[in-house]
Amino acid sequence: MMKIMAIAAAASCALALTACGNDASDSDVADSDVDIDLSGMSVRIGTAQEQTLDMGTSYAVELLKSWGADVTREELTSLSGLEAVVAGQIDVAGRSADEVIEGQSKGVDIVAFAAPASVQHYTMLGGPDFTTMESLSGARIATSGPGGFDTMLITALLEDAGMSESDVTYVPIGGSGERTAALATGQADAAMVFMDNWLALESQGADVVLIGYVADMIPDLVSRTFSAEREFLDANEDLAVGIACANLEANAWINDDRDGFIELTTQRVTGSSAEDVGAFYDKAIELGIFPTEASEILSPEAFENTAEIMLEMGIIDTEIDADAAVDTQYLEQAAEMGCGQG
């Protein structure tokens, strides 16, 4: 029992759980051969608290500061990025890409123009008796709650396995860390959690089984984006290109500097270990979560695929134009300037 509780405690404060991040900030942590003058420009970027998956965002923010931008990083705890943008609390959201789709479906002209993570980072996990989606009949599945992105994906996977929500019991638990802890302590039979939570559990010997990586189970879905209202992008083109450049530079850094990624993450994410961050890094590179080609960072096709699932699951009630939700011009301009190109 003590081991189970230790695993649960570690899961709730490990790599992906936002509540355990710290507020470290040092523009010297990021370096780039690209020199962009963003002096006199200011931007409020809304993110989760620092976490392993979004370390590229942290790196990009420090680059923007080193280029002269006045950057305020707003850690959003009670609002989504979409809600914060609409409320005027932030200018740019560095959050889940499904928020862009939701906004477009509601008539908000919010646009994804860069992406700190381009491939789905969720994993589907089960207890020792639940090793496949087909085996989940009758299972208690921990979710973030009705309408959550993880809930939507689980429902889609159940349907692919010939089942529906009525064949399982959804247990609203909360964030990925809470769902991980619920699974580790036997309060749930299965859960969809961030990849880093799974890898932390695996390294600790938890009696939990990997059913699959969502990136493999449902390919070509969106993950995280930098998004803003079209009006803001049109009025701040140089700043948008700067953020896209920082995105490209951050992805190049991640791919080229495993040790640097581990060092920065363990410095900034309380409770993370070099071993767990290294495991996350290796799997993330394998899955291609941080591409270095501008054309691979943002995919209208991935937005279209995700929007179709959201429509089928009732998360949105109108079709969206994926091309209107995505604008790759800023990444393309940044790449032409040499950003992220070595």
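## Basis of the model

This is a predicted model, in which local features need pLDDT of at least 70 and side-chain atom pairs count only at pLDDT 80 or more, while totals for chains, interfaces and linings use all residues. Residues are numbered from 1 along each chain as its sequence is written, and side-chain values use heavy atoms, with hydrogens and water left out.

Helices (H or I, at least four residues) and strands (E, at least two) are DSSP runs, numbered from the N terminus. Buried means under 20% relative accessible area, exposed over 50%, and partly exposed in between, with a 1.4 Å probe and protein chains only.

## Aromatic pairs

The structure holds seven aromatic pairs; rings of Phe, Tyr and Trp (its six-membered ring) pair if their centres lie within 6.5 Å, and planes under 30 degrees apart count as stacked, over 60 as edge-to-face and the rest as tilted. One of these pairs joins Tyr122 and Phe194, whose ring centres are 5.4 Å apart and whose planes stand at 50°, so the pair is tilted. This pair links distant parts of the chain, since Tyr122 belongs to strand 5 (residues 122-126) and Phe194 to strand 8 (residues 190-194), 72 residues apart. Tyr122 is buried, with a relative accessible area of 10%, and Phe194 also counts as buried, at 10% relative accessibility.

Phe261 and Phe280 form a stacked pair, with 6.2 Å from centre to centre and 15° between the planes. Here too distant parts of the chain are linked, with Phe261 in helix 11 (residues 258-268) and Phe280 in helix 12 (residues 274-287), 19 residues apart. Phe261 is buried, with a relative accessible area of 0%, and Phe280 is buried with 1%. Both residues belong to a cluster in which ring pairs link Tyr59, Trp253, Phe261, Phe280 and Tyr281.

## Covered helices

Seven of the eight residues of helix 4 (residues 98-105) are buried, so this helix is largely enclosed by the rest of the structure. Its buried residues are Asp98, Glu99, Val100, Ile101, Gly103, Gln104 and Ser105. Gly107, whose phi is positive, near 90°, follows helix 4.

Helix 7 (residues 195-203) is mostly covered, with seven of its nine residues buried; among them are Met195, Trp198 and Leu199. Gly205 follows helix 7 and has a positive phi, near 75°.

## Negative surface patch

On the surface, Glu159, Asp160, Glu165, Asp220, Glu301, Glu304, Glu308, Glu312, Glu319, Asp321 and Asp323 gather in a patch of negative charge. Helix 5 (149-160) and helix 14 (300-312) are the elements that give two or more residues to this patch, and helix 14 gives the most, with four residues. Glu319 lies in the loop between helix 14 and helix 15 (322-325), and it counts as exposed because its relative accessibility is 71%.

Patches are made of residues with over 30% relative accessible area and no salt bridge, with like charges joined within 9 Å and nonpolar side chains (Val, Leu, Ile, Met, Phe, Trp, Tyr) within 5 Å. A salt bridge is a side-chain nitrogen of Lys or Arg within 4 Å of a carboxyl oxygen of Asp or Glu.

## A distance across the model

Ala181 is found in helix 6 (residues 176-184) and counts as buried, at 15% relative accessibility. The C-alpha atoms of Ala181 and Gly338 are separated by 43 Å, and these residues lie 157 residues apart along the chain.

How values were computed
Areas by Shrake-Rupley, 256 points an atom, 1.4 Å probe, with all protein chains shown as cover. Lys, Arg positive; Asp, Glu negative; His and termini not counted. Charge placed at Lys NZ, Arg CZ, Asp CG, Glu CD.
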